[in-house]
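The stops below go through aromatic pairs, a cavity and salt bridges, with a selection at each stop.

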Amino acid sequence: MDLNSLTAISPIDGRYASQTEPLRAIFSEYGLIRRRVLAEVEWLLHLCDEPSIDAAPALSDGARARLRAIAHDFAVEDAERVKRTEATTNHDVKAVEYYLKDALSGDGELTPLLEMVHFACTSEDINNVAHALMLRDAKAVVLPLVADLEAALTSLAHELAGQPMLARTHGQPASPTTLGKEFANVVARLRRQRDQIASQPLLGKLNGAVGNFNAHLAAYPDTDWHSFADAVLAGLDLERNLYTTQIEPHDYIAELFHTFMRLNTVLLDLSRDVWGYIAIGYFKQKTRPGEIGSSTMPHKVNPIDFENAEGNLGLANALLEHLSGKLPVSRWQRDLSDSTVLRNLGVALAYSVIAYRSLLKGIGKLETNHASLEADLDDAWEVLAEPIQTVMRRYGVPEPYEKLKELTRGRAVTREIIETFVSNLDIPAAARDELLALTPRAYIGTAAHLARDI
């Protein structure tokens, strides 16, 4: 059976292929091989730039450009050549080395460098850099989506800054806030995690078989290999991890993915809350011609985008949690149990991307039901028990909490009941008048201001 969007096992490459397409060039086998080639090329170029390494003479500008073009122009067909070599070597990084040697052969200036390809490197020197480059490039795809979500939610926060809503702590009527302030809360949480992801350093190691430059120093004992590795990695926008075994220990990947987990948890929280607000009528959803909500109930418009987001965020976080817990653990100086797990970096982020796109779609379909919000507030005069008893405390009225508890708990509270109670309070007239003027709709504190300031 041919592989296509209908026959793919994973929905990432099947049902949701169009949504995850930007990640293919990064996290596919082709993407990994291409970045291995890039790591090898940059290592070789820096060898040629180092005067103390006589086996790698300086290159002309033309030769440098031709060498860099091998990585820059690396195509799927080139990756297929690497895979054919791997079928013989049964070693993926050695196959990349042989591919590069073939590519350099026949070039008068580059051919003398054949045996300097992969010089003093262990396979993990190349692999860990390739994985860091994948994550670097993935951040450039994923973070703009998060920024789009942040912008959409900020727009709602500003638009609905002054729209009062009944809060529901423990699911019960509580002190009012505004709908915009609720979105502002999410924006503030989202922004914090996005900033941490953006600033998370991506680490690499280029220090040989067990992390000590053993082979490097055996060949060139006078070369400053620490500074050399710093320069190679800095040119790739990576930072060097000085202390490693044969592998880079992957702690930074765990740090990055833990932050993605927190970001996804914020969005999962949002998905469930908006689902609930749709259920109680605070939001309607824009309909599209021809779209069906239920196969048997024609009236339904289901909150499917928020449900889709919730499901995919759960999948993403399950994978991110496993990656974060597994990758930093390696037996002694190296075991291969991380190798197959690292091939799933893109799977975790792909489920995240699917969820982000679903949320953007769902947010775009929301219509505020102002009448429903106002009706809820008009039916919840009991929420004014809080400000009334607080003012009573200020003026020394005995047992204010207990009096309001007796007045409001377990009974329907109307405007008239509240006004009668306040009118009989022994407090200054100005304070009494302020309480009489207060309504559930107006009792929102600084919510509108906070929403507008986000």
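Buried means under 20% relative accessible area, exposed means over 50%, and partly exposed lies in between, with a 1.4 Å probe and protein chains only. This is a predicted model, in which local features need pLDDT of at least 70 and side-chain atom pairs count only at pLDDT 80 or more, while totals for chains, interfaces and linings use all residues. Residues are numbered from 1 along each chain as its sequence is written, and side-chain values use heavy atoms, with hydrogens and water left out.

**Stop 1: aromatic rings**

Select W225 and F228. Both belong to helix 9 (residues 225–234), three residues apart, about one turn of the helix; helices (H or I, at least four residues) are DSSP runs numbered from the N terminus. W225 has a relative accessible area of 2% and therefore counts as buried. F228, at 5%, is buried too.

Rings of Phe, Tyr and Trp (its six-membered ring) pair if their centres lie within 6.5 Å; planes under 30 degrees apart count as stacked, over 60 as edge-to-face and the rest as tilted. The structure holds nine such aromatic pairs. One of them joins F74 and Y99, edge-to-face, with 5.5 Å centre to centre and 90° between the planes. This pair links distant parts of the chain: F74 sits in the loop between helix 3 (61–72) and helix 4 (76–89), and Y99 in helix 5 (residues 92–104), 25 residues apart. Both F74 and Y99 are buried. Going back to W225 and F228, their rings are also edge-to-face, at 5.1 Å centre to centre and 65° between the planes.

**Stop 2: the cavity**

Which residues line the largest cavity? Select N128, H131, L203, E248, H250, Y252, I253 and L342. Helix 6 (123–159) and helix 10 (251–279) are the elements that give two or more residues to this lining. By class, the lining divides into four nonpolar residues, three polar and one charged. On a 1 Å grid over the protein atoms alone, a cavity is a set of points where a 1.4 Å probe fits but cannot get out, and lining residues have an atom within 4 Å of a point. The structure holds one cavity of 30 Å³ or more. The largest cavity has a volume of about 40 Å³, a volume being the space filled by probe spheres set on the points.

**Stop 3: salt bridges**

A salt bridge is a side-chain nitrogen of Lys or Arg within 4 Å of a carboxyl oxygen of Asp or Glu. The whole structure has 28 of them.

K94 and E97 are bridged, with the closest N and O atoms 2.9 Å apart, and they lie three residues apart, about one turn of the helix. K94 is partly exposed because its relative accessible area is 32%, whereas E97, at 4%, counts as buried. E97 also bridges to K101, at 3.1 Å between the closest N and O atoms; these two are four residues apart in helix 5. K101 is buried as well as E97.

Next, select R136 and D137, whose side chains meet in a salt bridge of 2.9 Å, N to O. R136 is partly exposed, with a relative accessible area of 24%.

Definitions and conventions: 1 Å grid on protein atoms, 1.4 Å probe; cavity = no way out; pocket = protein on both sides within 12 Å on 5 of 7 lines; lining within 4 Å. Nonpolar A, V, L, I, M, F, W, Y, C, P; charged D, E, K, R; others polar.
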